[in-house]
Amino acid sequence: MSKYVEIDNASLRQKIQEYKELIWRVGPGSERTIEAVQEIQGMEKELKARNAEFEATDWKAFTREIKENYDFTY
């Protein structure tokens with residue numbers, strides 16, 4: 001059973017967006033980024049199981065966009 005089963009579709013879509021924003025803040029390669037990606041994948045799997053309308057993350061494009069636009073200087 002999915003840990004997201006109790007959460008409504010709109011809330012899942014909002015949480016996905018929040019995790020994507022977290023990824024942008026912490027940058028690629030961190031442990032928090034890996035956890036966020038896993039959470040997003042779990043939520044998208046739950047939405048798909050519900051046949052809900054949502055835009056699945058294109059991970060290749062998302063990763064490329066971060067690599068091209070993230071400021072790696074600290």
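Reader: What pattern does the chain follow along the sequence?

Author: In this predicted model, the chain reads α-α-α along its sequence. Its secondary structure amounts to 3 helices and 0 strands.

Reader: What does the C-alpha trace span along its principal axes?

Author: The C-alpha trace of the chain spans about 40 × 20 × 15 Å along those axes.

Reader: And how much of the chain counts as buried?

Author: Of its 74 residues, 27% count as buried. As for contacts with a separation of 6 or more, 62% of them are between residues 24 or more positions apart.

Reader: Let us take H1. How many residues has it, and how far does it reach?

Author: H1 has 18 residues, and the distance from its first C-alpha to its last is 26 Å, close to the 26 Å expected at 1.5 Å a residue.

Reader: Which residues of H1 are buried?

Author: The buried residues in H1 are Leu-12, Ile-16, Lys-20, Leu-22 and Ile-23. They cover an arc of only 155° around the axis, and therefore lie on the same side of H1.

Reader: What covers them?

Author: The cover over the buried residues of H1 includes H2 and H3.

Reader: Where does H1 meet H3?

Author: Lys-20, Ile-23 and Trp-24 in H1 meet Phe-62, Glu-65, Ile-66 and Asn-69 in H3. By class, this contact has 4 nonpolar, 1 polar and 2 charged residues. Lys-20 and Ile-23 belong to the buried residues of H1 as well.

Reader: What about the geometry of H1 and H3: how do their axes cross?

Author: Two packed helices are described by the angle between their axes and the distance between the axes. Here the axes of H1 and H3 come within 11 Å and cross at roughly 30°. The crossing in which H1 passes H3 is right-handed.

Reader: Now H2. Where is it, and what is its reach?

Author: H2 covers residues 31-49, which is 19 residues, and reaches 27 Å from its first C-alpha to its last. That is close to the 27 Å expected at 1.5 Å a residue.

Reader: Which of its residues are buried?

Author: Thr-33, Ala-36, Glu-39, Ile-40, Met-43, Glu-44, Glu-46 and Leu-47 are buried in H2.

Reader: Why do they line one face of the helix?

Author: Seen down the axis of H2, its buried residues fall within an arc of 155°, so they line one face. As background, an α-helix has 3.6 residues a turn, so residues three or four places apart point the same way.

Reader: Which residues are on the other side of H2?

Author: On that side, Glu-31, Lys-45, Lys-48 and Ala-49 are exposed.

Reader: And what covers the buried residues of H2?

Author: Their cover includes helix H1 (9-26) and helix H3 (59-69).

Reader: I am looking at Thr-33. Why does it count as buried?

Author: Thr-33 is in helix H2. The cut-off for buried is under 20% relative accessible area, and Thr-33 counts as buried because its relative accessibility is 8%.

Reader: What does Thr-33 touch?

Author: Leaving aside residues up to four places away in sequence, Thr-33 touches Ile-23, Val-26, Gly-27 and Pro-28. Thr-33 and Leu-22 are 11 residues apart in sequence, and their C-alpha atoms are 7.5 Å apart in space.

Reader: What follows H2?

Author: H2 is followed by Asn-51, which has a positive phi, near 60°. Asn-51 is found in the loop between H2 and H3.

Reader: Is Asn-51 buried or exposed?

Author: Asn-51 is exposed, with a relative accessible area of 70%.

Reader: Finally, where is Ser-2?

Author: Ser-2 is in the segment before H1. Ser-2 is partly exposed, with a relative accessible area of 25%. Ser-2 and Gly-42 are 40 residues apart along the chain, and their C-alpha atoms are separated by 8.0 Å.

Definitions and conventions:
Residues are numbered from 1 along each chain as its sequence is written. This is a predicted model: local features need pLDDT of at least 70, side-chain atom pairs count only at pLDDT 80 or more; totals for chains, interfaces and linings use all residues. Side-chain values use heavy atoms; hydrogens and water are left out. Helices (H or I, at least four residues) and strands (E, at least two) are DSSP runs, numbered from the N terminus. The expected span of a helix is 1.5 Å times one less than its number of residues. Buried means under 20% relative accessible area, exposed over 50%, partly exposed in between (1.4 Å probe, protein chains only). The arc is that of the directions from the helix axis to the C-beta atoms. Contact means heavy atoms within 4.5 Å. Axes are lines fitted to C-alpha atoms, for helices over the stretch in contact, and angles run from 0 to 180 degrees between N-to-C directions. A crossing is left-handed if the near helix is turned anticlockwise from the far one by less than a right angle, and right-handed if clockwise. Ala, Val, Leu, Ile, Met, Phe, Trp, Tyr, Cys and Pro count as nonpolar, Asp, Glu, Lys and Arg as charged, and the others, Gly among them, as polar.
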